[in-house]
Amino acid sequence: MEYELGGLKMVDLDTLLRSFRLKWILVYFSSYDSKWKKTTVDGFFSKVGSLEFILNSNINKQDIKNYFKCVQIPPYYKEMVYYWIDLKQSIETYSKITPK
C-alpha cells in the first residue's frame, strides 16, 4: 500500500505466497517430465482423480475442503488448489462486472 494511503510500500505477503503456489501449477504442467511429478503430485491426487481434473472442474472451495477432509493430501497442495479456485472465481467475477 502506498504511503499516501497509510501503507509502508511493503509487499503483501499473502499475495506473494499465493503467487508462489500458483506458479507451482505452471511448473507441474510444463513439458519436461520428472519423477517428482509422478511420485508426489500424481500419487496424492490419484485419490481424487487427478490434479488436472480438480483444476478444470467447477467445484467450489467449500466442497473441495469437505472432500479433502476424507483424503490425506499435504497442506501445501491443498492451499495450491484453494488459491487456484480463488483465482478462477475472481476472474469470473471481474469478467462479469467489466463491460466488453
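Colleague: Does Arg21 count as buried or exposed, and what is its relative accessibility?

Modeller: Keep in mind that this is a predicted model. Burial is read from relative accessible area, and buried means under 20%; Arg21, at 13% relative accessibility, therefore counts as buried. This arginine is found in helix H1, which spans residues 13-28.

Colleague: Which residues is Arg21 in contact with, leaving aside its neighbours within four places in sequence?

Modeller: With those neighbours left aside, Arg21 is in contact with Tyr76, Glu79, Met80 and Tyr83. Side chains of opposite charge can pair when their charged atoms come close. Here Glu79 forms a salt bridge with Arg21, in which the closest N and O atoms are 2.8 Å apart. That pair links distant parts of the chain, since Glu79 is in helix H5 and Arg21 in helix H1, 58 residues apart. Glu79, with a relative accessible area of 25%, is partly exposed.

Colleague: How many salt bridges does a search of the whole structure find, and which residues do shared partners join into one network?

Modeller: The search finds four salt bridges. Two of them involve Arg18, whose side chain meets that of Asp14 at 3.1 Å, N to O, and that of Asp86 at 3.0 Å, N to O. Arg18 lies in helix H1 and Asp86 in helix H5, so this pair ties together parts that are 68 residues apart in sequence, whereas Arg18 and Asp14, being four residues apart in helix H1, are separated by about one helical turn. Arg18 is partly exposed, with a relative accessible area of 26%, and Asp14 is also partly exposed, at 39%. Through salt bridges that share partners, Asp14, Arg18, Lys61 and Asp86 are joined into one network.

Colleague: Turning to nonpolar packing, which residues have the most contacts inside the largest nonpolar core?

Modeller: That core has 20 residues, and those with the most contacts inside it are Trp24, Phe45, Leu51, Phe68, Met80 and Val81. H1, H2 (35-45), H3 (51-56), H4 (61-68) and H5 (75-97) each supply at least two residues of the core, with H5 giving the most, six residues. Beyond its neighbours within four places in sequence, Trp24 is in contact with Trp36, Val41, Leu51, Tyr76, Tyr77 and Met80.

Colleague: Which residues form a nonpolar patch on the surface?

Modeller: Val11, Leu13, Leu16 and Phe20 form that patch, with about 410 Å² of accessible area together. Val11, found in the segment before H1, is exposed, with a relative accessible area of 58%.

Note on methods
Residues numbered from 1 in each chain as written. Predicted model: local features only at pLDDT ≥ 70, side-chain atom pairs only at ≥ 80, totals over all residues. Heavy atoms only, no water. Contact = heavy atoms within 4.5 Å. Patch = residues over 30% accessible without salt bridge, like charges linked within 9 Å, V, L, I, M, F, W, Y side chains within 5 Å. Areas by Shrake-Rupley, 256 points an atom, 1.4 Å probe, with all protein chains shown as cover. Buried < 20%, exposed > 50% of the residue type's maximum accessible area, 1.4 Å probe, protein only. Core = buried A, V, L, I, M, F, W, Y, C linked by side-chain atoms within 4.5 Å.
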